[in-house]
Amino acid sequence: MSSAATPPALPLAGIKVLDLSRVLAGPWCTQILADFGADVVKIETQVSGDDTRTWGPPYLETEVGEVGEDGPGESAYYLSCNRNKRSLAIDLASPEGAALVRQLASDADVVVENFKVGGLRKYGLDFAALIKINPRLVYCSITGFGQDGPYAARGGYDFVAQAMGGLMSITGDADGPPLKVGVAITDLSTGMYAAVSILVALRHAEQTGKGQHIDCSLLDTQIAMLANQGMTHLVSGATPGRMGNAHPTVVPYRAFQVADGHFVVAAGNNAQYRSLCEAVGRPDLGIDPRFATNSDRVLNRSVLEPLLQEAMNTITVAELTSSLDRAGVPCGPVNTIKDVFADPFVDEHKLVRHFASEDSVSIPTVAYPGRLSETPAQYRRRPPRLGEHSAEVLSEWLGLTDEAVDALQVGKLIGRKTF
């Protein structure tokens with residue numbers, strides 16, 4: 001067991017990841033790998049880098065931060081998914097720049113990219129080219145619609161995948177329009193699936209010496225993430241629709257308007273349902289034969305839910321939280337994001353960490369949520385500035401001298417920031 005003063009060993013230390021992705025799904029994947037010690041080198045264009053650097057406001061302003069075309073500093077969006085990485089700014093479109101990236105790939109364990117299908121072939125950076133020079137390479141491609149099939153040539157964004165993958169058809173009020181989820185949930189889920197797939201492929205490469213190509217698409221992921229709703233259609237032929245905050249197969253499991261806000265109740269079994277009825281002053285509903293079982297409650301939700309709503313109209317969030325907690329009924333307030341970060345849970349679980357920049361500006365980050373007892377995620381590097389580590393990476397990975405790196409910069413093949 002490591003002492004408190006000595007950080008535990010990072011389980012992915014020594015794994016080299018060449019990250020040719022940008023925006024969210026790819027960077028989310030590589031941030032997970034970086035949190036556990038992988039050396040993630042973010043390959044960016046020299047002029048503007050990752051698109052999300054300028055996706056703001058808001059921007060975190062620092063004295064040494066670069067100025068984006070839309071504002072000063074670094075965007076909150078970019079900061080959310082790029083910690084623990086190093087940035088190498090390079091002219092990928094030039095033959096010399098592409099050759100440098102190929103050299104890096106020859107010693108990498110993982111490449112992650114989210115170019116359009118075939119987009120890296122002209123640079124000699126596609127899977128077929130790189131596996132010839134590095135047979136153990138794990139190469140992960142993240143796209144909107146996969147490497148083949150009817151939509152492979154299309155570009156894809158999370159919003160499109162939520163629409164085409166059915167998520168928007170089951171999100172929103174029953175009599176309202178389809179809605180997307182409030183964060184790019186398909187991007188995030190694809191990034192997580194990609195990270196898991198990479199770890200599986202690394203294990204295979206360790207055992208066999210053979211790399212492989214991983215094809216992760218937003219639409220594949222979103223269809224898989226339909227979970228019970230997708231299975232409902234496959235089993236019954238029914239087409240699930242929008243139900244607001246109600247659950248299709250569990251009642252009561254929804255948000256209610258209470259005296260001073262909105263409150264969620266999730267009564268997943270009969271005992272919890274009866275306890276809920278007692279807590280809101282309607283014990284009669286707990287023994288009413290129309291609502292005796294969950295199946296009964298699903299069939300009679302249009303009768304039951306208005307009765308529960310009426311009972312809760314005059315009860316406050318604090319009162320409900322207290323009484324339902326005592327009764328063992330899963331529940332909680334509908335918090336704003338400000339409320340979330342003010343909750344003592346966040347401090348207790350150390351969910352917000354901070355990096356200090358060179359000018360002592362505190363850079364917040366939201367922690368990796370899995371709390372591993374022996375090999376926890378570590379927060380070693382703030383999100384990199386564009387090209388900040390160009391010289392460092394080329395020296396470490398390729399053994400280039402300072403003079404050789406200077407020549408590349410003079411030749412405008414790489415960008416190197418000095419602060």
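This is a predicted model: local features need pLDDT of at least 70, side-chain atom pairs count only at pLDDT 80 or more; totals for chains, interfaces and linings use all residues.
The mean pLDDT of the chain is 93, and 94% of its residues reach 70 or more. Residues 67–71 fall below 50 in pLDDT, and this stretch makes eight contacts in the model beyond its near neighbours in sequence.

An open sheet of seven strands runs in the order β10-β9-β8-β1-β2-β7-β16, and its pairing is mixed. At its edges stand β10 and β16 (414–415), each of which pairs on one side only. Strand β1 (residues 16–20) runs parallel to strand β2 (residues 39–44), to which it is joined by four bridges, and Asp-19 has Lys-42 of β2 as its bridge partner. The pairing of β8 with β9 is likewise described as parallel, over four bridges, and here Val-110 has Val-138 of β9 as its bridge partner. Strand β9 is largely enclosed by the rest of the structure, because six of its six residues are buried.

When neighbours within four places in sequence are left aside, Leu-33 is in contact with Leu-12, Val-17, Ala-38, Ala-195, Ile-198 and Leu-199. In soluble globular proteins, nonpolar side chains tend to be buried together.

Helix α12 (residues 301–312) contains 12 residues and spans 16 Å from its first C-alpha to its last, which is close to the 16 Å expected at 1.5 Å a residue. The buried residues of this helix are Arg-301, Leu-304, Glu-305, Leu-308, Gln-309, Ala-311 and Met-312. Viewed down the axis of α12, these buried residues fall within an arc of 160 degrees, and they therefore line one face of the helix. Ser-302 and Glu-310, on the other side of α12, are exposed. An α-helix has 3.6 residues a turn, so residues three or four places apart point the same way. The partners against which the buried residues of α12 pack are β11 (253–258), β12 (261–266), α9 (270–279), α10 (283–287), α11 (294–299) and α13 (317–327).

Two of these partners, β11 and β12, pair with each other in the antiparallel sense over six bridges. A hairpin through two residues joins β11 to β12, and Gln-257 stands opposite His-262 of β12.

Within α12, Glu-305 counts as buried because its relative accessibility is 8%, and, apart from neighbours within four places in sequence, its contacts are Val-251, Arg-254 and Phe-256. Val-251 is placed in the loop between α8 (227–236) and β11, and this residue is buried, with a relative accessible area of 0%. Not counting residues up to four places away in sequence, Val-251 touches Ala-267, Asn-294, Arg-297, Val-298, Arg-301, Leu-304 and Glu-305. The C-alpha atoms of Val-251 and Ser-197 are separated by 36 Å, although the two residues are 54 residues apart along the chain.

The peptide bond from Val-251 to Pro-252 is cis, with omega near -5 degrees, and Pro-252 is also found in the loop between α8 and β11. Another cis peptide bond leads from Gly-56 to Pro-57, with omega near 5 degrees; Pro-57 is found in the loop between β2 and β3 (59–60).

Positive phi values in residues other than glycine occur at Val-23, where phi is near 75 degrees, and at Lys-412, where phi is near 65 degrees. Val-23 has its place in the loop between β1 and α1 and is buried, with a relative accessible area of 11%. Lys-412, in the loop between α17 (402–410) and β16, counts as exposed at 64% relative accessibility.

Technical notes:
Residues are numbered from 1 along each chain as its sequence is written. Side-chain values use heavy atoms; hydrogens and water are left out. The expected span of a helix is 1.5 Å times one less than its number of residues. Buried means under 20% relative accessible area, exposed over 50%, partly exposed in between (1.4 Å probe, protein chains only). The arc is that of the directions from the helix axis to the C-beta atoms. Contact means heavy atoms within 4.5 Å. pLDDT is the predictor's confidence in each residue, from 0 to 100. Two strands pair if DSSP finds at least two bridges between them.
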